[in-house]
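Good morning, and thank you for coming. I would like to present one structure today, beginning with a pair of charged residues. Please look at the display before I continue.

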Amino acid sequence: MTDLNKIVDQLSKLTVIEAAELTKLLEEKWGVSAAAPVAVAAAPAAGGEAEAADEDKAFTIVLKAVGDKKIDVIKEVRALTELGLKDAKDLVEAAPKPIKEGVPKAEAEEIKKKLEGVGATVELT
């Protein structure tokens, strides 16, 4: 039998990007999805309900383009993701790439504002 503590230690050393890639590989291998189940809701009758549903939605922040201030964007990505310098640089240079996933709307908009403040182009999906 495999030493589970050893596996936990190895997984703990993965970067965010490596963990995301591992998730995709396991989903393909096992034919499953790691996405959380989503309850189907009735169509909202008023605009207020649509906004409330939008507030509950989890967003993915996608870095579309770096802009002129690449170093500032790398610094901001490091601060937001807690990645190391090399991982943050690789992520920024590989744009368009997701920076964070499953983020509430308010936090996603704040992150978008910070990244756009240093010259990056960001999309919330």
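Predicted model: local features only at pLDDT ≥ 70, side-chain atom pairs only at ≥ 80, totals over all residues.

**Salt bridges, core and surface**

Lys 114 and Glu 110 are four residues apart in helix α6, so about one helical turn separates them. Helices here are DSSP runs of H or I with at least four residues, strands are runs of E with at least two, and both are numbered from the N terminus. The two side chains meet in a salt bridge, 3.7 Å from N to O. A salt bridge is a side-chain nitrogen of Lys or Arg within 4 Å of a carboxyl oxygen of Asp or Glu.

Residues are numbered from 1 along each chain as its sequence is written, and side-chain values use heavy atoms, without hydrogens and water.

How many salt bridges does a search of the whole structure find? The search finds six. Another of them joins Lys 86 and Asp 90, at 2.9 Å from N to O; both residues lie in helix α5, four residues apart. Lys 86 is exposed, with 59% relative accessibility, whereas Asp 90 is partly exposed at 32%. By definition, buried means under 20% relative accessible area, exposed means over 50%, and partly exposed lies in between, with a 1.4 Å probe and protein chains only. Lys 70, Lys 89 and Glu 93 are linked in a network of salt bridges.

Let us stay with helix α5 and turn to its buried residues. Ala 88, Leu 91 and Val 92 are buried there. These residues lie on the same side of α5, because they cover an arc of only 95 degrees around the axis. The arc is that of the directions from the helix axis to the C-beta atoms. The buried residues of α5 pack against α2 (16-30), β1, α4 and β2.

In soluble globular proteins, nonpolar side chains tend to be buried together. The largest nonpolar core has 20 residues, of which Ile 61, Val 73, Val 77, Val 92 and Leu 115 touch the most other members. α4 gives the most to this core, with four residues. A nonpolar core is a set of buried Ala, Val, Leu, Ile, Met, Phe, Trp, Tyr and Cys residues joined through side-chain atoms within 4.5 Å.

Definitions and conventions
Contact = heavy atoms within 4.5 Å.
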